[in-house]
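Reader: I am new to this structure. Can you show me how to read some of its features?

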Amino acid sequence: MSYSTLAVVGCFTYPSTSAPNPNPKLSNSTARRKEFISLLKNCKDTNQILPIHAKIIRTGHDQDPFILFELLRLSSTLCSVNYASTIFQQVHNPNVFLYTALIDGFVLVGSYSDGIRLYYRMIDRLIVPDKYVITSVLKACGSRFALREGKEVHCQALKLGLSLNRSVTMKLMEFYGKCGEFDNARKVFDKMTERDVVASTVMINCFLDHGLVEQAVQVFDRVRVKDTVCWTAMIDGLVRNGEMNMALEMFREMQKDNVRPNEVTIVCVLSACSQLGALELGRWVHSYIGKHHRIELNHFVGGALINMYSRCGDIDEAERVFAMMKERNVITYNLMISGLAMHGKSIEAIQIFRGMIKQGILPTSVTFVAVLNACSHGGLVDLGFEIFRSMSKDYGIPPQIEHCGCIVDLLGRIGRLKEAYNFIQNMEIEPDHVMLGALLSACKIHGNFELGEQVARILMNHGAVDSGTYVLLSNVYASSGKWKEAAQIRAKMKEGGILKEPGCSSIEVNNEIHEFLLGDLRHPQKGKIYKKLEELNQVLKEAGHTPATDVVLHDIEDWEKEQALAIHSERLAICYGLISTKPCTTIRVVKNLRVCDDCHSMIKLIAKITGRKIVVRDRKRFHHFENGKCSCGDYW
């Protein structure tokens with residue numbers, strides 16, 4: 001928080017500048033003050049501050065409170081809070097405004113404890129706090145979760161009659177909300193004489209930050225006139241809490257209310273579209289950006305569009321957005337590389353990476369995860385190792401667990417399982433369950449059950465094992481016919497209260513998201529969906545498709561396995577797409593788990609028979625099915 005130098009006048013008595021001044025020295029001093037403050041305000045970096053500060057000291061103005069305030073404020077912002085702190089230590093009698101300037105500086109750089117300590121030092125020196133320093137220290141208390149200290153500040157505000165000041169009240173609500181003290185936050189809110197949209201938005205954020213969606217919605221519904229910030233806070237909070245459908249519905253309500261979104265709203269909505277695979281709504285948002293010139297295609301919005309198109313299955317449009325952007329930063333490049341890798345366009349991803357290096361943009365740790373994933377999806381082993389080695393050698397970025405995981409995945413995919421195992425054994429980093437799970441999955445795919453059991457034993461002793469890993473362990477045993485061991489793993493899951501994540505597939509039709517589970521019977525058009533499924537199964541049999549019952553890893557009869565395969569969620573979503581969309585249009589499905597081998601083979605045939613392009617996004621990547629082939633080349 002910064003304040004004008006006029007604010008400092010309240011603590012000092014100076015002759016009026018408009019009245020005749022018989023003292024030429026005082027007049028000269030005032031002129032000097034204005035000169036130094038003007039020079040400081042024009043500073044853009046550290047190098048410009050230092051000579052001005054030296055001149056301030058030489059001319060004896062180093063105790064002028066007006067100049068000191070500007071110097072402290074600017075030093076904290078541009079230079080260093082340590083430098084500002086050193087300046088403050090030389091002040092003979094700092095006033096409340098100088099304390100505020102330095103506390104603001106501590107808060108700005110995240111040194112919240114230092115800010116709180118400085119406030120207590122101010123109180124010990126019997127300097128009376130004002131509303132500005134109260135709001136600043138409350139921000140520090142909230143960010144530090146310092147509940148006791150924040151309550152003490154609240155008591156001081158009450159004694160000084162500042163607790164009903166609007167800015168103090170806002171910060172009190174925010175402080176209590178961050179500390180999870182919702183009753184106290186609500187009491188402060190209820191005592192406000194003007195509970196307007198701004199105050200309500202602060203309260204909404206308090207609830208949403210802690211996942212209390214229902215309470216946030218209740219406050220939101222009571223706001224009579226909602227502005228862009230209020231709508232955006234609600235949409236953003238819903239996205240952060242995983243309520244994507246509700247966020248998109250809220251955005252539609254915002255449109256009906258004739259409230260214009262800003263770029264933050266747009267990015268939040270695009271994020272929801274990305275996670276749900278709501279391509280059509282994402283396209284509408286893109287067209288909205290084009291029509292309203294107040295929203296620019298900057299790094300922020302452009303990156304969100306690239307991410308949305310990539311994750312919704314239209315990588316070509318993502319590339320067009322990338323090409324249209326006048327300026328690109330490392331985040332934009334990371335999103336484009338990651339998107340191309342996800343769609344199996346490994347060579348294109350490498351080209352973008354090399355183009356980024358030529359532009360002089362330094363890659364980050366995230367860049368290397370994206371480009372190594374591209375190498376993994378494309379089976380580019382030599383190039384993958386070359387890039388992996390260049391991380392530390394050329395860019396000083398030490399490999400982390402995610403980068404090592406990409407190498408293990410790369411080796412595992414092409415069947416170099418022993419090499420992948422040795423890589424893990426020789427790593428300086430302790431392998432996590434994700435990396436070990438990737439190798440175990442590769443062992444299952446390539447039929448190396450001996451090494452698979454070895455990896456399984458390491459995983460079981462690992463500790464941090466999620467439901468997906470347990471299922472994978474069970475499947476590895478079942479694949480080798482060890483039904484007893486597979487059953488033991490599932491029993492262990494049950495004992496530990498670990499639930500298997502259910503397979504769920506979604507499809508967007510007419511701007512609505514339709515979700516399907518395994519054997520789902522909830523959809524209003526379930527009769528037509530299952531009729532289409534029967535027709536397809538018949539056509540597929542005539543085309544020579546034999547269900548791969550070996551992927552159903554349960555000790556049951558083959559006909560039961562065929563039935564289990566036939567009702568997988570992605571098949572139901574595809575059937576709904578076939579009956580509810582126009583011929584020749586692309587069908588896009590999002591699945592939360594990996595597509596099984598049988599569904600992968602079946603979708604290739606469906607795409608060929610129906611003449612449709614079918615795009616499926618699973619947990620790992622995208623599959624573009626067209627003319628009986630898949631973009632992954634059956635390598636996923």
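Author: Begin with contacts, in what is a predicted model. Leaving aside neighbours within four places in sequence, T265 is in contact with T228, T232, I235, F251 and M254.

Reader: Where is T265 placed?

Author: T265 is in helix α15, which spans residues 263-276.

Reader: Is T265 buried or exposed?

Author: Look at the relative accessibility. Under 20% counts as buried. T265 has 0%, so T265 is buried.

Reader: How do I read two packed helices?

Author: Two packed helices are described by the angle between their axes and the distance between the axes. Take helix α11 (residues 197-209) and helix α12 (residues 213-222). Their axes come within 8 Å and cross at roughly 170°.

Reader: Are α11 and α12 roughly parallel or antiparallel?

Author: Check the angle against the cut-off. Angles over 145 degrees count as roughly antiparallel. Therefore α11 and α12 are roughly antiparallel to each other.

Reader: Which residues make the contact?

Author: From α11 come S200, M203, I204, F207 and L208. From α12 come V213, Q215, A216, V219 and F220. Sorted by type, the residues of this contact are eight nonpolar, two polar and no charged.

Reader: What is M203 in contact with, leaving aside its neighbours within four places in sequence?

Author: M203 is in contact with M173, F182, A185, R186, F189 and V219. V219 is also one of the α12 residues in the helix contact. M203 itself lies in α11, and M203 is buried, with a relative accessible area of 0%.

Reader: How many residues does the largest nonpolar core have?

Author: The largest nonpolar core has 162 residues. M234 and L439 have the most contacts inside it. Helix α5 (residues 96-108) gives the largest share of this core, nine residues.

Reader: Why does this core lie between domain 1 and domain 2?

Author: Ask which domains supply the residues. Domain 1 (1-12 + 28-163) and domain 2 (401-495) both give residues to this core, so the core lies between them.

Reader: What does L439 touch, setting aside its neighbours within four places in sequence?

Author: L439 is in contact with V408, L417, A420, Y421, I424 and V455. There is also a second, separate core of 28 residues. It includes A573, C596, I606 and A607.

Notes:
Residues numbered from 1 in each chain as written. Predicted model: local features only at pLDDT ≥ 70, side-chain atom pairs only at ≥ 80, totals over all residues. Heavy atoms only, no water. Axes fitted to C-alpha atoms, helices over the stretch in contact; angles between N-to-C directions. Helix = DSSP H or I, 4+ residues; strand = E, 2+ residues; numbered from the N terminus. Parallel < 35°, antiparallel > 145°, perpendicular 65-115°, else oblique. Contact = heavy atoms within 4.5 Å. Nonpolar A, V, L, I, M, F, W, Y, C, P; charged D, E, K, R; others polar. Core = buried A, V, L, I, M, F, W, Y, C linked by side-chain atoms within 4.5 Å. Buried < 20%, exposed > 50% of the residue type's maximum accessible area, 1.4 Å probe, protein only. Domains from an automatic or database assignment.
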